[in-house]
Amino acid sequence: MCGIIGTIGRGEAAPLVLEGLRRLEYRGYDSAGIATLVDGRILRRRAEGKLNHLADLLATDPIAGTTGIGHTRWATHGAPVERNAHPIATDRVAIVHNGIIENFADLRTELTAAGYAFTSDTDTEAVAMLLTREMENGATPQEAVARTLRRLHGAFAVAIIFAGYPELLICARRGSPVAVGYGEGEMYVGSDALALAPLTQRICYLDEGDWAVLSATGAQVYDSEDRPVDRPIKLTALSGAMIGKGNHRHFMHKEICEQPAVIGDTLSAFVNPTSRSVVLQDLPFDLAKISRVTIVACGTSFHSALVAKYWFEKLARMPVEVDIASEFRYRAADMPEGGLALFISQSGETADTLAALRYAKSQGQYIAVLVNQPESSMVREADVMLQTLCGPEIGVASTKAFTAQLAVLACFAIAMARARGKIDALREAELTTALSEVPSRIAEVLADEPAIEVLGKSLIEARDVLYLGRGTAYPLALEGALKLKELSYIHAEGYAAGEMKHGPIALVDENTPVVVLAPSDAYFDKTMSNISEVIARDGPVILITDEAGAAHAPAQAKVIVAPTCDPLIAPLVFAVPLQLLAYQVGVFRGADVDQPRNLAKSVTVE
Ligand code: M6R
């Protein structure tokens, strides 16, 4: 949510910052800007809209300087117009900011009364003004930052440059992540290691409350009490080569097509193919003694949690509670002794999920996180990390992270079932064998993309679309609807198929397509009855089923035939036609499928 980047060193800052912003654009794309220092003065270029607008501006009106900061914005305070684009600057400082300054209104009142004139609607400008006032009163940049940070409430990451100090860049972190990169005679700061990947793999992550003073040759980190501290420099596994689109038109399409490979990689970290058993790392708790599992997540990750609930309850007979992170926090629920709290997050940075994690920790729960980013905030606060091996997911709509999360969750449920004595080795072998078939089954779905494209065309004029499913297909219906909303801006809702008659059926008419997910499992016949109810009301039906199911499809339904597979893996396999369908509809409608409007990849505000 907002990307920040900065550099200080030998080379021209603006091109390097612009390239970094391209890698961060997935975090926000309402507006973008760059500031550098030239002859001790702050120069700034800012543009509304996508980064290309800033690039065009810089092409016609370049800025020099070897110290610079840049920002790509996801608007929180103030409309996405140039006036509110970062860097926010005075004649003394320029600042880029990710997060929210919660007491900005009080600060603004105080500073306005002191004669400071604000020119933007942002919360960030209060920080720029505080710094400016400190420096006007004689503080050094370091003193100004230390004093200003003490005045701020909220969660934020900032990078700041100072007029008259070409050898200085200061960054700070509270809540939102900051990575400091070490180059050769050049230093960098970024929202994540991905932004810095082509520049350096030597990264230092600031701890909560830290701030750092960078020169071209190094950095000194201070903790929240302003004491100098050493933070380790780590080698990130990310490299610049992981961030291309390949031959695909969109990142999202590439990421959908990567699913056989990334699920294969992920499973190989959890399944021993010889013993056909699940292998987990050493856990700091006994799986057999866990009293309850609480799974908390947001968005697509929440949907994978909902699928996992069926698996943990059915296979492992384990009581499971699932909630979205924001509401879970507000419930202030008592959590049982010996409970395991599992947080699912592609980014590992989602603010609500992180806050829920901290609440569960305060309740004495064991904390496990399932993330795709091993160098993320959640990992640093967890007892156990389970990792999806997806590589960077750049498309803002999550695809490969979802199915890879499901793969890990299935393994975890199997391991728990075994530990609790609810399945034997033979059943474990059957289940892991089924899992090992996922990459091939998904490859079969991908080969059917042209047929799915045709059906996608049939949805492009729809105003509303309903998605229905039973059992694990119910959370998939929620996910299918979310993908369609994000990618095509068509209103879509997912429902448990059995709930349709309790209200949503009122929406069904000849203009409301209904996408039904129905593998030929134990619930198939009941879902077919729901299809009949839709058809009786002239609702157009797209049925996603397998071969046996297709044989029973009503003539009025358009059918996508997914491969026949074990019920355990059906959610992973059936997710892919849903992704392709939403992708195709988005592309036909001319939407920006990689960067849907109003969204950001990593949601680091509450
Ligand atoms: O990084 P996380 O998994 O914590 O992100 C959670 C949601 O913000 C994310 O899944 C979001 O819903 C995606 N846009 C879904 O496509």
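How far does a polar side-chain atom of Ser347 lie from an oxygen atom of the ligand? The distance is 2.7 Å. The views below show a predicted model, in which local features need pLDDT of at least 70, side-chain atom pairs count only at pLDDT 80 or more, and totals for chains, interfaces and linings use all residues. Residues are numbered from 1 along each chain as its sequence is written, and side-chain values use heavy atoms, with hydrogens and water left out.

View 1. A polar contact is a pair of N or O atoms within 3.5 Å. In the side chain of Ser301, an N or O atom is 2.6 Å from an oxygen atom of the ligand. The side chain of Glu486 has an N or O atom 2.5 Å from a nitrogen atom of the ligand. On its own the ligand has 410 Å² of accessible area, of which the protein covers 91% (Shrake-Rupley method, 1.4 Å probe).

**View 2. The shell around the ligand.** The ligand is surrounded by 14 residues, each with a heavy atom within 4 Å of it. Ser301, Ser345, Gln346, Thr350 and Glu486 are the closest. By class, the shell holds four nonpolar, eight polar and two charged residues. Here Ala, Val, Leu, Ile, Met, Phe, Trp, Tyr, Cys and Pro count as nonpolar, Asp, Glu, Lys and Arg as charged, and the others, Gly among them, as polar. Helix 9 gives the most to this shell, with three residues.

**View 3. The largest pocket.** The ligand sits in the largest pocket, meaning that more than half of its atoms lie within 2 Å of the pocket's grid points. On a 1 Å grid over the protein atoms alone, a pocket is an open set of points with protein on both sides within 12 Å along at least five of seven lines, while a cavity is a set where a 1.4 Å probe fits but cannot get out; lining residues have an atom within 4 Å of a point. The volume of the largest pocket is about 610 Å³, counted as the space filled by probe spheres set on the points, which are joined across faces, edges and corners. Its lining has 28 residues, and Gly299, Glu486, Ala600, Lys601 and Val603 lie nearest the centre. By class, the lining has 12 nonpolar, 10 polar and six charged residues.

**View 4. The largest cavity.** The model has three cavities of 30 Å³ or more. The largest cavity holds about 210 Å³ of space. It is lined by 19 residues, with Tyr26, Asp192, Ser347, Glu349 and Gln373 closest to its centre. Seven of the lining residues are nonpolar, six polar and six charged.

**View 5. Two loops.** Pro87 is in the loop between strand 4 (67–73) and strand 5 (88–89); strands are DSSP runs of E with at least two residues, and helices are runs of H or I with at least four, numbered from the N terminus. The peptide bond from His86 to Pro87 is cis, with omega near 0°. Asp39 lies in the loop between strand 2 (31–38) and strand 3 (41–48). Its phi is near 50°, a positive value in a residue other than glycine.

Methods:
A polar contact is a pair of N or O atoms within 3.5 Å; within protein, one must be able to donate a hydrogen and the other to accept it, and residues adjacent in sequence count only if both atoms are side-chain atoms.
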